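Reader: I have a model open and want to go through a few local features. Can you take my questions one at a time?
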Amino acid sequence: METKMIHFKINGVNVTAKSGESIIDVARANGFYIPTMCYLPKTTPNASCRMCSVEVKGQDGFVLSCNTPAVEGIEVTTDSDALYKERQNIMKMYNVNHPLQCGVCDKSGECDLQNKTLEFAVDEQSFAVRDQARKKKKWGVHTYDPALCIMCEKCSAVCNEVVGSEALFIKAGGYKSEIDIRLANCISCGECISVCPVGAMASTDFKYTANAWELKKVPSSCAHCSSACALTYESKHVAMNSTKFDSKIYRVTNDADYTSLCGAGRFGFDYENLNVTKDEEAFSKAVEAFKNAKNVLFTSMITNEETKLLMLLKEKLGFKLVNAEAKQFQTFMQSFASTANQSLYNATLEDVAQSDFIVTVGASISSDNPMLRFNISKAVNRNKAYVASVHPIKDDTIANLLTQHIKNEVGSEEAALAMIADAFIEDKSSQKDFFDSLDLGYLSGESNISDEEIALLAHFSKRKKKPVLVIGEDLINHSRFENIAKIAGFIQKSGAFKVLVMPPVTNSLGVALIAELDERVDGYSVGYNTSADFVLSAKGDGDLDMPALNQQEGTFVNIDKNLVVLNAGLSYGGYELNDIVNALGIRNDETIDQTEKLGFREIAFDDLVDSVDNAGKVTRGYKVASKPNRKKTKIEEVEELGEYNGSVVYSANPINQFNKFTKECTQIATKAELVGSEQFAIASKIKSGDKVKFVVNGVEYIRSFRVDRKMTGTIAYNPNFDADTKSTEYRYNQVKIEVANG
């Protein structure tokens, strides 16, 4: 349906807007400044500050531009003597009893209150109000000072509408009103810190350590999950010891109006490889190791450019290039393309945010990719989206976002997706044999998904216009992942849903698109951030040090299929992979020389754009194009379902933990423990506090066990953020648990 356009004037200039757009959004998009204190574009306007008031010709009084949609033919004035006086009086109100501690306040230098007090020349106070005693509060990674709070409500709005945790709320009390918290709901993402216009919400760790104007700002991308969110490293030159000076990252920030970060992105920045110098002996051994290697193993915690360098070395030296996780994802996407007729999935996280009907299958929504959770929250709050999760475990941390939880039996994801395809795809003719083969009664019985649940799902989809299907890691690592991918691809081709496939690791998609990956063979191996005979390590625990991802330049391909920029937040003094490439006879001046040779678009690294404009349009690098796939493949019959009895563990991480790099970050320290229900404890004959041991995919784990009384069922969470590398095995495993106390 064609969008209706509105024509009107701002300060005498003709402007055009989409029907429903607010006056302030149109003004910003056209370069007109309207001051605000409480307005946050990524949440619903709460109209608490009134700073955004404008004049509309023919209207008595002022009009709030934040929550007033543009109307055909109106004439808006954004600045006048009357508006200036109104805004000046508002600032006087804000400044009543506001503590004069700018010299030590963490927000000084970037404070909205400070800036607008100067902008509207508030140099005296003509009235006063009795001050209130207000105690400071420490809530984990963030600290709240109610004396500094101006009750703009941004923090509670972003917590409720974007994060979806509903942790922060307004404790009403007139002039005594303040923000309070439900600590059990808080996921320590720090979004409240980001949006706070003053110093009320602050980072506990950052507090009183540096002023804003002292910090060097470097825009980059988060390296922890496949969202690769935009962030800014803020660092300062400091004394490391009595003789050495270097830079240290003090905090990470983001564009609070238009982007978000999870707790790992905001607080998990101190994983750099410190105090490294060039060890010539170790470097020589590394060069020889590559010459002798039968295999080079690496993880998807790597840039596209380094992946390309490894490809160049493979071509020259003939070793096998091995990344089992990326190989599995690559094969999944190839199978997906064979029925989708396109090489890539067609949905983005923004499609999730704009959706009114979302179905996730095989995704641990809270922890696999936090931005999926954030965007589901946006969809629920903006569009009243219907959200269904097909998963064996009911996740209470997102219960407020889910409309329907469909509990499937472990191992039955292929059957679940087949049932969804059968219910939602109208034209089944090109895969007739597959759909004719479906025994829906058998699939329903074995998967524990009733016909009524699928019928309910289909019923509520009828009036929805923007359906999105999310394919999670449980499907990518399923033993039947290739056929599952074909079903998902056909669902996309049918148009029943837009489909979003979640890459398991930061740059899984980039590696899968760039590298020719092999199966491992016997013989000497070199590992890049993974175990091998000779190890290159960004953690400083290998045979040759490498820079961590916050010390590198390069790019990732993120979940939205954008090639995004990674800039170095800190310097690095040791050797890099590019030095090895040059030593082995391949001339390449800098790693980022490979950016325009990745096979996507011939754009140099320094020409990539990373920006947010006045209208809130976020530009991050460029979109990697999906390519037509003419291969015609038949979907196979659904395989007979197996059984998972007894104690089952699920390989999923706690919130804000992803890998061995986040494990090292001091502000998000999390104990790696087995977490299950009382029912699981009874079935496994263990109790909370026991040290237990069990084997998953040939690896023995020794964990402390903790009972979570909110959990039900006989499946426990076993984290893998402390593992050496990402497993390609199905995430559910039937295990024998033994007590290992003593």
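Reader: Start with Arg630: buried or exposed?
Author: Arg630 counts as exposed, at 69% relative accessibility. Buried means under 20% relative accessible area, exposed over 50%, and partly exposed in between, with a 1.4 Å probe and protein chains only. Before going on: this is a predicted model, where local features need pLDDT of at least 70, side-chain atom pairs count only at pLDDT 80 or more, and totals for chains, interfaces and linings use all residues. Residues are numbered from 1 along each chain as its sequence is written, and side-chain values use heavy atoms, with hydrogens and water left out.

Reader: Where does Arg630 lie?
Author: Arg630 is in the loop between strand 28 (622-623) and strand 29 (648-651). Helices (H or I, at least four residues) and strands (E, at least two) are DSSP runs, numbered from the N terminus.

Reader: Which residues gather with Arg630 in a patch of positive charge?
Author: Lys493, Lys632 and Lys634 gather with Arg630 in that surface patch. A patch takes residues with over 30% relative accessible area and no salt bridge, and like charges are joined within 9 Å; for nonpolar side chains (Val, Leu, Ile, Met, Phe, Trp, Tyr) the limit is within 5 Å.

Reader: And which residues make up a patch of negative charge?
Author: Glu553, Glu590, Glu596, Glu602, Asp606 and Asp607 gather in one on the surface. Among them, Glu596 sits in the loop between helix 19 (577-583) and strand 26 (610-612), and is partly exposed with a relative accessible area of 37%.

Reader: Salt bridges next. How many?
Author: The count comes to 31, taking a salt bridge as a side-chain nitrogen of Lys or Arg within 4 Å of a carboxyl oxygen of Asp or Glu. One of them joins the side chains of Lys217 and Glu234, at 3.2 Å from N to O. Lys217 is in strand 11 (residues 216-221) and Glu234 in strand 12 (residues 230-239), so this pair ties together parts that are 17 residues apart in sequence.

Reader: Is Glu234 buried or exposed?
Author: Glu234 is buried, with a relative accessible area of 3%.

Reader: What does Arg480 pair with?
Author: The side chain of Arg480 meets that of Glu636 in a salt bridge, 3.3 Å from N to O. This pair links distant parts of the chain, 156 residues apart: Glu636 is in the loop between strand 28 and strand 29, and Arg480 in the loop between helix 16 (473-476) and helix 17 (481-494). Arg480 is buried at 14% relative accessible area, while Glu636 is partly exposed at 39%.

Reader: Switching to cysteines: how many disulfides?
Author: A search of the whole structure finds zero, a disulfide being a pair of cysteine sulfur atoms within 2.5 Å. Cys102 is in no disulfide, and its nearest cysteine sulfur, that of Cys111, is 6.6 Å away.

Reader: Last topic, backbone. What is phi of Glu166?
Author: Phi of Glu166 is near 55°, a positive value in a residue other than glycine. Most residues other than glycine have a negative phi. Glu166 lies in the loop between helix 4 (154-163) and strand 8 (168-171).

Reader: And Asn697, what is its phi?
Author: Asn697 has a positive phi too, near 50°. Asn697 is in the loop between strand 31 (691-696) and strand 32 (699-707).

Notes. Accessible areas come from the Shrake-Rupley method with a 1.4 Å probe; for residues, only the protein chains shown count as cover. Lys and Arg count as positive and Asp and Glu as negative; His and the chain ends are not counted. The place of a charge is taken as NZ of Lys, CZ of Arg, CG of Asp or CD of Glu.
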